[in-house]
Amino acid sequence: MTTTPEDATPHAAANRALAEGYLDELRGVRRLAANTLESYARDLATLLRFAAGQKARVDSLSRDDLDAAVHDLMAAGLAPRSVARFVACVRGFYRFLVRDGHLHVNPADDLHAPRAWPALPKFLSVEEVDRLIEQPDATTPAGLRDRALIELLYATGMRVSELLSVRLDDLNLRGGYLTCLGKGSKERLVPMGGPAVTWIRQYMSGARPTLLAGRPSPWLFVNARGNRLGRVGFWKILKSHGRQAGLPRDLSPHVIRHSFATHLLERGADLRSIQSLLGHSDISTTQIYTHVLEVRLKAMYDAFHPRS
């Protein structure tokens, strides 16, 4: 830990020694990586600065003191993830002090970072999605592939890794669905919808054989060299068509996934069905989309209700 102005405050030497003892344990016993150790050292330095401001030994801080330290960081605008990391460090530090005999009671035992309001997912309007889908030049093999890619992504809401892992054997075009292997190797059936099926058929009958040039491949989507299309390649494809459509620079496959879920919810789909389609293991993950509707409903109410 580097020297700071707080080193001259009361209890500075004792506080520093306790912090160094914890870092020594992390370094020698737990063998943490150098970058992780640096993060712990920064968080401990923040805690020591707080103790110096209280003119207190760090091992005499109460639960209320530690709550105040956390809220000070939140009030200063520190990112919720950084505050959560600080809390994790503080909890580990005080567990160490108990193990080492400096304390009998851990004041940070149930210390938690305040829950941040979840960020609203970014999504496109239906009109923006339509503009994006129409950008690829379907008269070329690459353009036809791109059209099928974007159609399937929006039709299913799959993660990009799932989209690019679709094999020919996963497709049931007659039934209008595919088998998707998601997180945790969990399989789910995903309906594709008529337009996506149509464009996949066209891509498979014309563009895909041209791109493969006689080479075999189990993957549905391939690049100009006949290899499986990669994540970086697809990001470039999506960004390029997004620019042509005049869409925001932060367009990503996940934005299309969010658009899929939001548009379904807006048209009356229930959260459990959307959870199944997205492959979320926990309904709480899907509930982020209700916040999108809450914002829109409030705006609509404010705009149209006569007594708003």
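1. Contact here means heavy atoms within 4.5 Å. The model is predicted. On that cut-off, and leaving aside residues up to four places away in sequence, Leu152 touches Gly157, Met158, Leu163, Leu178, Met192, Ala196, Ile200, Leu220 and Phe221.

2. Leu152 belongs to the largest nonpolar core, which has 41 residues. Leu152, Met192, Tyr203 and Phe221 are the residues with the most contacts inside this core. Two or more residues each come from helix H5 (126–133), helix H6 (141–156), H7, strand E2 (177–181), helix H8 (194–212), H9 and H10. H8 provides the largest share, 8 residues.

3. Another core, of 32 residues, lies apart from the largest one. Its members include Leu47, Leu66, Phe86 and Ala108. As background, nonpolar side chains in soluble globular proteins tend to be buried together.

4. Asp43 deserves a separate entry. The residue is found in helix H2 (residues 34–53). Is Asp43 buried or exposed? Its relative accessibility is 5%, and buried means under 20%, so Asp43 counts as buried. The side chains of Asp43 and Arg85 are joined by a polar contact of 3.0 Å. Beyond four places in sequence, Asp43 touches Arg85, Phe86 and Cys89. Of these, Phe86 is among the residues of the 32-residue core.

5. The largest pocket has a volume of about 260 Å³. It is lined by 14 residues, and Arg159, Lys183, His254, Arg257 and His258 are the closest to its centre. At least two lining residues each are supplied by helix H7 (160–164), helix H9 (231–244), helix H10 (253–266) and helix H13 (288–304). H10 gives the most, with 4 residues. By class, the lining has 5 nonpolar, 5 polar and 4 charged residues.

6. For the second largest pocket, the volume is about 190 Å³. Among the 13 residues of its lining, Lys183, Lys186, Gly279, His280 and Ser281 are the closest to the centre. Strand E3 (187–191) and helix H11 (271–278) are the elements that give two or more residues to this lining. Which classes make up the lining of the second largest pocket? There are no nonpolar residues in it, with 7 polar and 6 charged.

Technical notes:
Residues are numbered from 1 along each chain as its sequence is written. This is a predicted model: local features need pLDDT of at least 70, side-chain atom pairs count only at pLDDT 80 or more; totals for chains, interfaces and linings use all residues. Side-chain values use heavy atoms; hydrogens and water are left out. Buried means under 20% relative accessible area, exposed over 50%, partly exposed in between (1.4 Å probe, protein chains only). A polar contact is a pair of N or O atoms within 3.5 Å; within protein, one must be able to donate a hydrogen and the other to accept it, and residues adjacent in sequence count only if both atoms are side-chain atoms. On a 1 Å grid over the protein atoms alone, a cavity is a set of points where a 1.4 Å probe fits but cannot get out, and a pocket is an open set with protein on both sides within 12 Å along at least five of seven lines; lining residues have an atom within 4 Å of a point. Grid points are joined across faces, edges and corners, and a volume is the space filled by probe spheres set on the points. Ala, Val, Leu, Ile, Met, Phe, Trp, Tyr, Cys and Pro count as nonpolar, Asp, Glu, Lys and Arg as charged, and the others, Gly among them, as polar. A nonpolar core is a set of buried Ala, Val, Leu, Ile, Met, Phe, Trp, Tyr and Cys residues joined through side-chain atoms within 4.5 Å.
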